[in-house]
Amino acid sequence: QVQLVESGGGLVQPGGSLRLSCAASINIFSINNMGWYRQAPGKERELVAQITSGSRTNYADSVKGRFTISRDNSRDNAKTTVYLQMNSLKPEDTAVYYCHVRRFSYPYDNWGQGTQVTVSS
């Protein structure tokens, strides 16, 4: 099982910025894609941003132009970290944000514990 450690959530005013990080105990070459999902109260979990093994990125329409996903790996390739830079935050961005890693082998889907992002004045 892949260990995912998330950090960076919190309370921010509308228009502010936050940066989420997710450190995954996995070699970058074992990863199909990595991404961030979010779930607001009473709503289904939705994809926010994703980066593939080929470094292609994909964003939800609601965050395009405001959020940026990126990734790097440790020198020994034992750990891979994915980031989500969130700018121009809106109250509707309020949700629990989950890191997700899809591997090429079983167990395919791995989830972080979630980090709360609250955008409020």
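This is a predicted model: local features need pLDDT of at least 70, side-chain atom pairs count only at pLDDT 80 or more; totals for chains, interfaces and linings use all residues.
A polar contact here is a pair of N or O atoms within 3.5 Å; within protein, one atom must be able to donate a hydrogen and the other to accept it, and residues adjacent in sequence count only if both atoms are side-chain atoms. Residues are numbered from 1 along each chain as its sequence is written, and side-chain values use heavy atoms, with hydrogens and water left out.

View 1. Strands (E, at least two residues) and helices (H or I, at least four) are DSSP runs, numbered from the N terminus. Along its principal axes, the C-alpha trace spans about 40 × 25 × 25 Å. Of the 121 residues, 44% are buried; that word means under 20% relative accessible area, with exposed meaning over 50% and partly exposed in between (1.4 Å probe, protein chains only).

**View 2. Strand β8 (residues 80-86) pairs with β3 and β7.** Two strands pair if DSSP finds at least two bridges between them. How many bridges link β3 (residues 18-24) to β8? There are 7, in the antiparallel sense, and L20 stands opposite L84 in β8. Because 6 of its 7 residues are buried, β8 is largely enclosed by the rest of the structure.

**View 3. Strand β3 has a further partner in β1 (residues 4-7).** Here the pairing is antiparallel over 4 bridges. Look for S7, whose bridge partner in β3 is S21. Strand β3 is mostly covered, with 5 of its 7 residues buried.

**View 4. A disulfide joins C22 to C99.** A disulfide is a covalent bond between the sulfur atoms of two cysteines. In this model the test is a pair of cysteine sulfur atoms within 2.5 Å, and the S to S distance for C22 and C99 is 2.1 Å. The structure holds 1 disulfide. The link is left-handed, with -80° about the S-S bond. C22 lies in β3 and C99 in β9 (residues 95-103), so the pair ties together parts that are 77 residues apart in sequence. Are these cysteines buried or exposed? Both C22 and C99 are buried.

**View 5. N110 sits in strand β10 (residues 109-111).** Why does N110 count as buried? Its relative accessibility is 0%. The N110 side chain reaches the backbone oxygen of P107 at 3.1 Å, and a polar atom of that side chain lies 3.5 Å from the backbone oxygen of Y108. Contact means heavy atoms within 4.5 Å. Leaving aside neighbours within four places in sequence, N110 is in contact with Q1, V2, L4, C99, H100, V101 and R103.
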